[in-house]
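Hello,

Here is the structure you will be working from. My notes on its pocket and its aromatic rings follow below.

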Amino acid sequence: MVRRYWIGVAGVLAALAGGGLASPSLAADSVEFGAVLPLTGPAGVIGTQEQHGIEFAVSEINAKGGVDGHKIVVQFEDNQAKPDQSVLSFNKLVDLQHVAVVFTGYSGPTLAMAPLATRKKVLLVNAGAQADKLADASPYLINTLPTIADEIKVLSKYLAAEGKKKAAILFENDAAGISGRDDYLKFIPAAGGQIVAQEPSQFGQTDYRPALLKLAGSNPDVVLLSITAGLLQFAQQYKQLDMKFMVAGTTFMADPPTIADPSSKGFIHTQVQIDAPADMAANFKKQFGTDMDFFAKQYYNATTVVLTCLAKVLKEKKEVNGENMRAALFEIRKFQGLIPMEFKTNTAATAIGINMMSDGKDQRIKEMTSE
């Protein structure tokens, strides 16, 4: 019989490095897990980064013989960042495969699954979405990223200190985009600035010229972005139209193709600080042919949290279920993976920096915190 746990891998590596996990009575020939991620569609680039973070950790642990000799097998579900597809995938994997933990990403899909997680007592682990509603969407949802509000508080203070007080907003008309817009409307004035215009866009939109021209008409010092896809097209059209205002946003802007493109020079954004050891980054690039970017690190790191909890549950000879995994998380509370995190609530407290894009690089120019 194959036992199916939905788990992350970096925590297994950490446990093995510390002496290994004891063979539990639930052991089997292999352990299966998976992730509900946007692997195609407008969000496919980010979803693939997330997938690579998981795959990298899986390949490392399997190269060491697996977990106590049990090979890790991963199953990926493609939700295309659609809430309805996410619900179908969640039900399929929970009801048919009886997983205890589900990795998720993107705000709309995560919020759609949250009530199901509460009802079925399945731990949802979000390492990529930041809508404010995620903070209390379910007692079974944990977030390894700060909310958008945490980042926008930091960004608003930074912009005010830099004299960028007239702001316009370009936001995506979905859960994440609207959440960001509402936070800008709250925190920019609180920091001494003002919002002079706002324009909506649609998820997956590629033509931002009309919105850019409308926003430019308000003569802003800065345009604040709250979009999760289409950033490269936005940057290129910003450059083509020779816009003079600053562009700023949150971690949503950590998009490798945009960073590498010359049109993004000078873009500012908050960034959850996370780094990988040089040897890990080199091995990742060798395997996938790309740098270990932000979301790959995030999903690798989130598995550290999950499997630290798993190690505790197994050591105590408890059933691997959502209730016990959640209890273990709050009993451990402090985690040291690629970055230190503390779960005082369902959302981890982490460091936040200010980054600037220039010459194909995303460089930290100031360090701040979410508290």
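The lining of the largest pocket consists of ten nonpolar, six polar and seven charged residues (nonpolar: Ala, Val, Leu, Ile, Met, Phe, Trp, Tyr, Cys and Pro; charged: Asp, Glu, Lys and Arg; polar: the others, Gly among them). This is a predicted model, in which local features need pLDDT of at least 70 and side-chain atom pairs pLDDT 80 or more, while totals for chains, interfaces and linings use all residues. Residues are numbered from 1 along each chain as its sequence is written, and side-chain values use heavy atoms, without hydrogens and water.

The volume of the largest pocket is about 600 Å³. Met292, Asp293, Phe294, Lys297 and Asp362 are the closest to its centre among the 23 lining residues. A pocket here is an open set of points on a 1 Å grid over the protein atoms alone, where a 1.4 Å probe fits, with protein on both sides within 12 Å along at least five of seven lines; lining residues have an atom within 4 Å of a point. Volume is the space filled by probe spheres set on the points, which are joined across faces, edges and corners.

On the rings, there are eleven aromatic pairs (ring centres of Phe, Tyr or Trp, the last by its six-membered ring, within 6.5 Å; planes under 30 degrees apart are stacked, over 60 edge-to-face, the rest tilted). Phe234 and Tyr238 are stacked, at 6.4 Å centre to centre and 20 degrees between the planes. Phe234 is buried at 0% relative accessible area, and Tyr238 is buried at 11% (buried is under 20%, exposed over 50%, partly exposed in between, with a 1.4 Å probe and protein chains only). Tyr238 also pairs edge-to-face with Phe267, with centres 5.3 Å apart and planes at 80 degrees.

Regards
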